[in-house]
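Dear colleague,

Please read them with the coordinates open beside you.

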Amino acid sequence: MDSMAVRPLGGDRYAIDIRGHEVVVDQPAALGGGDTAPTPTELFLAGLASCVAFYTGRFCDRHGIDRDGLAVHLDWELATDRPARVGTVRVRVTPPVALPADRRDRFAAVAGGCTVHHTLEHPPEIELSVVEVAPTDP
């Protein structure tokens, strides 16, 4: 099983260590944060958008199609009821200029078949526990 660790940086800022890479999250100033980084929700959604981009980019590479013009745009809305969550996600993929018409359907299928998209459609089991830490001696 892979893992990552999160540590507080002060206020609403947190550093996430992922395989030696550090990613920071924060909250917008309007919500009490410093607005120095994306929110955890934005980072979650960025995972989906970038996964779609990765899969479609690799499709282009496999088929010798120049990636010029390839873009992924994602819009979302929070649900208005409880529990707090993302209620709607819209992903728009702009294919590369050089994508042949006869490859468009397969390109769309690949765009909808990334790991993050499949995970959202088939949610994993999530186990959450609060662990007790022994107090340290002064």
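**The sheet**

Alanine 15 stands opposite valine 24 in β3, where strands are DSSP runs of E with at least two residues and helices are runs of H or I with at least four, both numbered from the N terminus. β2 and β3 run antiparallel and are joined by 5 bridges, and two strands are taken to pair if DSSP finds at least two bridges between them. Before going further, please note that this is a predicted model, in which local features need pLDDT of at least 70 and side-chain atom pairs count only at pLDDT 80 or more, while totals for chains, interfaces and linings use all residues. Residues are numbered from 1 along each chain as its sequence is written, and side-chain values use heavy atoms, with hydrogens and water left out.

The open sheet has 3 strands in the order β1-β2-β3, with antiparallel pairing. Because β1 (5–10) and β3 stand at the edges with a single partner strand each, one side of each is left without a neighbour in the sheet. From one strand to the next the twist averages 25 degrees, with axes being lines fitted to C-alpha atoms (for helices over the stretch in contact) and angles running from 0 to 180 degrees between N-to-C directions.

**Backbone points to check**

Arginine 19, in the loop between β2 (13–18) and β3 (21–25), has a phi near 50 degrees, a positive value in a residue other than glycine. Arginine 19 counts as exposed because its relative accessibility is 71% (buried is under 20%, exposed over 50%, partly exposed in between, with a 1.4 Å probe and protein chains only). Aspartate 35, in the loop between β3 and α1 (40–62), also has a positive phi, near 55 degrees. The peptide bond from arginine 82 to proline 83 is cis, with omega near 5 degrees, and proline 83 is placed in the loop between β4 and β5.

**A nonpolar surface patch**

Trp76, Leu78, Val89 and Val91 form a nonpolar patch on the surface, and together they have about 330 Å² of accessible area (by the Shrake-Rupley method with a 1.4 Å probe, where for residues only the protein chains shown count as cover). The elements giving two or more residues to this patch are β4 (71–78) and β5 (86–94). Patch residues have over 30% relative accessible area and no salt bridge, with like charges joined within 9 Å and nonpolar side chains (Val, Leu, Ile, Met, Phe, Trp, Tyr) within 5 Å; a salt bridge is a side-chain nitrogen of Lys or Arg within 4 Å of a carboxyl oxygen of Asp or Glu. Valine 91, found in strand β5, counts as partly exposed because its relative accessibility is 35%.
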